[in-house]
Amino acid sequence: MTPTISPDTIGSYWLASCDDDLTPRAALAGDEIVDVAIMGGGFSGLWTAYFLLQRDPNLSIAIVERQFCGFGASGRNGGWCSPRFPINPSALTRRFGHEMARSMLLAQQAMVDEVGRICAEEAIDAHFNPVGVLTLARSADQLPSLRNSFDAYAKLGMTDGCEILDASQAQKAVNATEVHGAFRLRAGATIHPGRLVRGLARTLERRGVRIYEGTNVLRAIDGTAPALVTSGGTIRARRAVLLAGEAFMTSQAEYRRRLIPMASTIMLTAPLTAEQWAAVGWSGGECLSSYVHTTNYLTRTADGRILFGSRGAPYRYGSDMCETALRENANFGWIRDRLLEWWPSLESVPFTHQWAGYLGIPRDWLPTVHFDSERRVGHSYGYTGHGVITSAICARALAGLVAGHAPGVHTPYVRQQAPNWEAEPLRWAGIRYVQNAFLRMDLAEAAGQRPPLDSGLAKYLGEP
């Protein structure tokens, strides 16, 4: 049996505060037969089971999880229900056209509301808060990106859901240093992902779904008798075997080059006082970020803390997903410095939690959903850090495919597989170069210096 890693070891505030007993459920101990067998007890697997049961409440479903439900990105993310698709609106339009890009973004926004409705309907107290998204321009060099964001939505006829704030308006919204303007999306919400993922698991169990934790999937068998061969036995499926392990899919040989596991790092402050919040501003509690190349994301928690997430441990050769490397090499010092750069007045505020986790990134940044009705095997993966909402959209599509329904016309992510990443050592060299270049670009911009000479190359290699 795979050793269970405790939430204290992971350090995730979401898992430590989810009001749920994290003692692992029983491992699989013997062979079973169900209608649908699912690998993965995170958002991908749980949402897929949920939408399958919406279509057919009589299905028998088993979920196999290597650690415990919410162990991976589902319990370690930034707490956003993001209305953004993994590919930005401009790139979506270039790749798929005006109509498809608009449809995909509207679907993403609609799923934000759907998640809120499901939380209410299933009595999952996940602190769902529909506050929208606010992206700051924190230098004059970032203002063109702000304008480009608005223009991309304008070209899609979606300006009723967004607006540009000038420097004065943006400063009133968030009293951070160097605020030059902001772009607001009215869709979007914050959420307690630990409560959501654990609540979904309990909801499914009430409906008869069997969840086995501490059970490693060794391989999937497709064909007329599909099955998951695990460390505790074999689960045979009458209808489908579904793989929903996101970044952990890379442990399966077939998916080793379909995704790369990239790390993201998060730190969390102690609850701020009323006086400290008055100095910070941010009374709207929006999902907050800025136009930097090394992604940042900030969340105001329900108990008045600030979560700040940014770059994680450097990519490891061969897509290695070492948990020790996350704790030892993640950029916690970098995070602290960035938070104090935004709000120097918070220098005395302690940090109570820090953690990092892996997310899955496909070569073209487009998620993949597929079900082969002849081989009776399907999968969903590749959310590039937008998994709270995108995983639900993809899970609903996968459930539809298993039920025999053709995908909608605006679903280019329903495809057989993602393109391969380059073989090593090219993969390691290219990714590490882009990580380093983006950092140099941000540091130069913060210092008021000209961008590095290779900025154009780095953007070409590193953006969808």
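Mentor: What follows takes the terms one by one and sets each value against its definition. The model is a predicted one, in which local features need pLDDT of at least 70 and side-chain atom pairs count only at pLDDT 80 or more, while totals for chains, interfaces and linings use all residues. Residues are numbered from 1 along each chain as its sequence is written, and side-chain values use heavy atoms, with hydrogens and water left out.

Trainee: What makes Trp 47 and Phe 51 an aromatic pair that is stacked?

Mentor: Rings of Phe, Tyr and Trp (its six-membered ring) pair if their centres lie within 6.5 Å; planes under 30 degrees apart count as stacked, over 60 as edge-to-face and the rest as tilted. The structure holds 13 aromatic pairs. For Trp 47 and Phe 51 the values are 5.7 Å centre to centre and 20 degrees between the planes, and the pair is stacked.

Trainee: Where do Trp 47 and Phe 51 lie?

Mentor: Both belong to helix α3 (residues 43–55), 4 residues apart, about one turn of the helix. Helices (H or I, at least four residues) and strands (E, at least two) are DSSP runs, numbered from the N terminus. Trp 47 and Phe 51 are both buried.

Trainee: Why is the pair of Phe 68 and Phe 71 called edge-to-face?

Mentor: The centres of the Phe 68 and Phe 71 rings are 5.7 Å apart and their planes stand at 85 degrees, so the pair is edge-to-face.

Trainee: How do you know that Phe 68 counts as buried?

Mentor: Buried means under 20% relative accessible area, exposed over 50%, and partly exposed in between (1.4 Å probe, protein chains only). Phe 68 has 0% relative accessibility and therefore counts as buried. Phe 71, at 4%, counts as buried too.

Trainee: What makes the charged end of Arg 396 sit over the ring of Phe 51?

Mentor: A charge sits over a ring if NZ of Lys or CZ of Arg is within 6 Å of the ring centre and within 35 degrees of the ring normal. The charged end of Arg 396 is 5.8 Å from the centre of the Phe 51 ring, and it sits over that ring. Arg 363 likewise lies over the face of Trp 421, at 4.9 Å from the ring centre.

Trainee: Which residues touch the most other members of the largest nonpolar core?

Mentor: A nonpolar core is a set of buried Ala, Val, Leu, Ile, Met, Phe, Trp, Tyr and Cys residues joined through side-chain atoms within 4.5 Å. In the largest one, of 78 residues, Trp 47, Ile 61 and Leu 196 touch the most other members. Helix α12 (residues 387–402) gives the largest share of this core, 11 residues. Another core, of 28 residues, lies apart from it and includes Leu 165, Trp 282, Phe 308 and Trp 343.

Trainee: What is Trp 47 in contact with, leaving aside its neighbours within four places in sequence?

Mentor: Contact means heavy atoms within 4.5 Å. The partners of Trp 47 include Val 115, Leu 196, Leu 200, Val 388 and Ala 395.

Trainee: Why does Glu 114 count as buried?

Mentor: Glu 114 has 19% relative accessibility, so it counts as buried. Glu 114 is found in helix α5 (residues 98–121).

Trainee: What joins the side chains of Glu 114 and Arg 117?

Mentor: They are joined by a polar contact of 2.8 Å. A polar contact is a pair of N or O atoms within 3.5 Å; within protein, one must be able to donate a hydrogen and the other to accept it, and residues adjacent in sequence count only if both atoms are side-chain atoms.

Trainee: How do you know that strands β14 and β15 pair?

Mentor: Two strands pair if DSSP finds at least two bridges between them. Strand β14 (residues 297–300) and β15 pair over 4 bridges, in the antiparallel sense. Leu 298 has Phe 308 as its bridge partner in β15. Strand β12 (residues 259–269) is joined to β15 by 5 bridges, also antiparallel.

Trainee: What makes strand β15 mostly covered?

Mentor: Of the 6 residues in β15 (residues 306–311), 5 are buried.

Trainee: Why is Ala 403 called partly exposed?

Mentor: Ala 403 has a relative accessible area of 36%, so it is partly exposed. By contrast, Thr 384 has 9% and is therefore buried.
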